[in-house]
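Work through these exercises with the structure open beside you. Try each task before you read its solution.

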Amino acid sequence: MNKLKDHVLSRKTFAIISHPDAGKTTLTEQLLLFGGAIRDAGTVKGKKTGKFATSDWMEIEKQRGISVTSSVMQFDYDGFRVNILDTPGHQDFSEDTYRTLTAVDSAVMIIDSAKGIEEQTLKLFKVCRMRGIPIFTFINKLDREGKAPLELLAELEEVLGIESYPMNWPIGMGKQFLGIYDRHHNRIEQFRVDKKDKFIPLNEDGEIDGEHSLKESPLYEQTLEEIMLLDEAGNEFSTERVAEGNLIPVFFGSALTNFGVQTFLESYLEFAPMPQARNSTAGKIDPLSEEFSGFIFKIQANMNPAHRDRIAFLRICSGKFDRGMNVTLPRTGKTIKIAQSTQFMADDRSTVEEAVAGDIIGLYDPGTYQIGDTLISGKDSFQYERLPQFTPELFVRVTAKNVMKQKHFHKGIQQLVQEGAIQLFKTVKTEEYLLGAVGQLQFEVFEHRMRNEYNVEVTMERLGSKIARWIENDEIDENLSNSRSLLVHDRYENKAFLFENDFALRWFQDKNPNIKLYNPMDLT
Ligand code: GDP
């Protein structure tokens, strides 16, 4: 057997998507504990001591020593090498959060059982669907009272419009939580029961043989009835449909009490896809190909203001990376020797010597890279398909504080926009500069980097949230532009309207039925 192939086949690279407080940090920590990547609970938590509430980017960046490393976490389990990519939430939410999803082969969606599907989960879910990424769901906090499991399942299917298959099913919840009925392993896993008696095997009919105290609980009977309902009326499990992203396996558990997490991890590793082939200008690139290739999906500015260097996050898509190797950047045709590269562990950053398709490495970036850049080692040049554009939701009007600094101002904006830090728009009539972002942090990073890297103080006037819709028609009457439906063009000269709100969008569409508006992030 080819060694590279073995390594690539062992990779599982995923992101956890959730709404803040659903339990992402807690679950990540438990997974890392299983993998032996951290020793103490609380390690990942370190970054979350509440300081993020201040939106002073420098303050955030000071703490980023840990945040950068926890952007990608790696551990080994049962012969697999698992890469977990962080998708920041709260005011850390940015286009990077979305772009991270272009670098994974699957996603784990955590849902708080009391809250169901929340806003941020839904946004991230849509991006996963757009990319055809298989999703595994962990319904968390079963140790607390939450919504009824059947209700949660219905919500999943209705709100997300996708079929699901419960791999296990809770027996009670909250104070009465007894455990989970594991359909996949045909056993019951008991809550708060010692290792030896924790698992109860089930017979061919899916019931406990012989005597058992659990059988006396009415919750056991209720669970059997619900399982029967799922068997008869629910979806059938299909490995292929899971791999295609058309069936979501659902797991119940409690991350905080570390219940159901190991079962989840093991089933996830069994069904989650290996590194996938990726589209490029030369067709699909096989991850098992010998030639190294990858693309940059995120650039993190350095936390040290004395240095301008940044870290570019590269997803390896094929072959093997060796430190010191020469690679080509097809965008410029330049050859680069990669001497400084980093891999990420939860509590440490270490130099990476070798990595293979599926892995993420951090490259020292003195300003060489842009988001979406392809790196290759082979002679045949190609580029991976362009990363999607994500619809911005927040806008500011931006000007240079000092009019004498126009040249620096334009250079800075142009480079940061090209790099993918923020989106630039110009109003059609007045040629004013507007910046668009999916999260407030992007503006703060922009302001900071303009000051530190381009020596320009900027003034940003908040325009608040807007609904951006692009226009299919080439010809458009510029007089349709007003403050409630502002006509702008993006940096590729495509025209779009920024609507004040949903009402303004509908009103506009009613008045102008011939103008075809679209959202690049829509699925169809
Ligand atoms: P994140 O914002 O998604 O990273 O969420 P955290 O992991 O920080 O969890 C948010 C809160 O929910 C914390 O107070 C956790 O202790 C709590 N939490 C997480 N998982 C569970 C769980 O399984 N049961 C209960 N009762 N609380 C949980």
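Predicted model: local features only at pLDDT ≥ 70, side-chain atom pairs only at ≥ 80, totals over all residues.

**Exercise 1.** Describe the length and burial of helix 2.

Solution. Start with length. Helix 2 has twelve residues and spans 16 Å from its first C-alpha to its last. That is close to the 16 Å expected at 1.5 Å a residue. Now check burial. A residue counts as buried if 20 or more other C-beta atoms lie within 10 Å of its own. Ten of the twelve residues pass, so the helix is mostly covered. Among them are Lys24, Leu27, Glu29 and Gly35. Last, find the partners. The buried residues pack against strands 1, 2, 3, 4 and 5, and against helix 11.

**Exercise 2.** Characterise the shell around the ligand.

Solution. Sort the residues by type: four are nonpolar, six polar and five charged. Then look for the nearest of the 15: Gly23, Lys24, Thr25, Thr26 and Leu256. Helix 2 does, with three residues.

**Exercise 3.** Why is one side of strand 27 and of strand 31 left without a neighbour in the sheet?

Solution. Write down the strand order of the open, antiparallel sheet: 27-24-26-25-29-30-28-31. Strands 27 and 31 stand at the edges with a single partner strand each, so one side of each has no neighbour in the sheet. Now look inside the sheet. Strands 28 and 30 pair in the antiparallel sense over four bridges. Trp470 has Ala496 in strand 30 as its bridge partner.

Definitions and conventions: Residues numbered from 1 in each chain as written. Near = placed C-beta within 6 Å. Helix = DSSP H or I, 4+ residues; strand = E, 2+ residues; numbered from the N terminus. Nonpolar A, V, L, I, M, F, W, Y, C, P; charged D, E, K, R; others polar. Pairing = 2+ DSSP bridges. Expected span 1.5 Å × (residues − 1). Contact = placed C-beta atoms within 7 Å.
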